[in-house]
Amino acid sequence: CISEGGYTVNPDNAAVTLDFTANLTCSVITDMLKVCTKLLSPAGFEQVEWYGGGPGESLFDRSQFAKYGIWNSTATDLYFPYVKAQDTGSLSKVKWLSLADPAKEYGLLVAGKQDLMASALHFTADDLDQAGHPYQLNPIEETVLTVDLISRGTGGATCGQDTLGQYTVTNNREYSYQYT
């Protein structure tokens, strides 16, 4: 499949804008998990603040309950210890999100051209996939920031209907997004 993208650096304000397009029409995988980029922050970037759905996890197909607002948490607290270790801490309808180290005077601010989904955790996706249970996880000092254009909904196929079509990430189109 073809992925295109680029970075534009503005030296006046240290802003970096990412433009990303993924053409999934050539993929044999018909139902993707997400279209995203992942960033790894230095250790200490624990404070998370965002404008979007909150106050906690709000998944793509279960975000109607989330209220728009400015919310604060930590990368540690955004992790929820489900019985089986899995992706967690997803935030939907995000206009902007910041990560900061309270001991320093700098941080990272992500602002989307469109609404984004995001998560900030002390675990990589591989960590969560490989652990059977939360007690088998070892958090890393860095914060893994995932910035998603779209993420597959959870559905409920284990005990009923699968994820509804409008909450899936299919291979029949291109997906493009931009954030600074």
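The legends below describe close-up views of a predicted model. In this predicted model, local features need pLDDT of at least 70 and side-chain atom pairs count only at pLDDT 80 or more, whereas totals for chains, interfaces and linings use all residues. Residues are numbered from 1 along each chain as its sequence is written, and side-chain values use heavy atoms, with hydrogens and water left out.

**View 1. Ser119 in strand β8.** Ser119 belongs to strand β8, which spans residues 107–121; strands (E, at least two residues) and helices (H or I, at least four) are DSSP runs numbered from the N terminus. Ser119 counts as buried because its relative accessibility is 5%, where buried means under 20% relative accessible area, exposed over 50% and partly exposed in between, with a 1.4 Å probe and protein chains only. With residues up to four places away in sequence not counted, Ser119 touches Thr88, Gly89, Ser90, Val144, Leu145 and Thr146, contact being defined as heavy atoms within 4.5 Å.

View 2. On a 1 Å grid over the protein atoms alone, a cavity is a set of points where a 1.4 Å probe fits but cannot get out, a pocket is an open set with protein on both sides within 12 Å along at least five of seven lines, and lining residues have an atom within 4 Å of a point. Grid points are joined across faces, edges and corners, and a volume is the space filled by probe spheres set on the points. One cavity of 30 Å³ or more is counted by this rule, and the largest cavity holds about 40 Å³ of space. Its lining includes Trp96, Leu97, Val110, Leu116 and Leu145. Strand β8 gives the most to this lining, with five residues, while β7 (91–100), β8 and β9 (144–151) each supply at least two.

**View 3. The second largest pocket.** The volume of the second largest pocket is about 300 Å³. Among the 14 residues that line this pocket, Val16, Leu108, Leu109, Tyr179 and Thr180 are the closest to its centre. Two or more lining residues come from each of β2 (15–23), β4 (34–40) and β8.

View 4. Pro42 is found in the loop between β4 and β5 (47–54), and it is partly exposed, with a relative accessible area of 49%. Apart from neighbours within four places in sequence, Pro42 is in contact with Glu142 and Thr143. From C-alpha to C-alpha, Pro42 and Val28 are 36 Å apart in space, and they are 14 residues apart in sequence.
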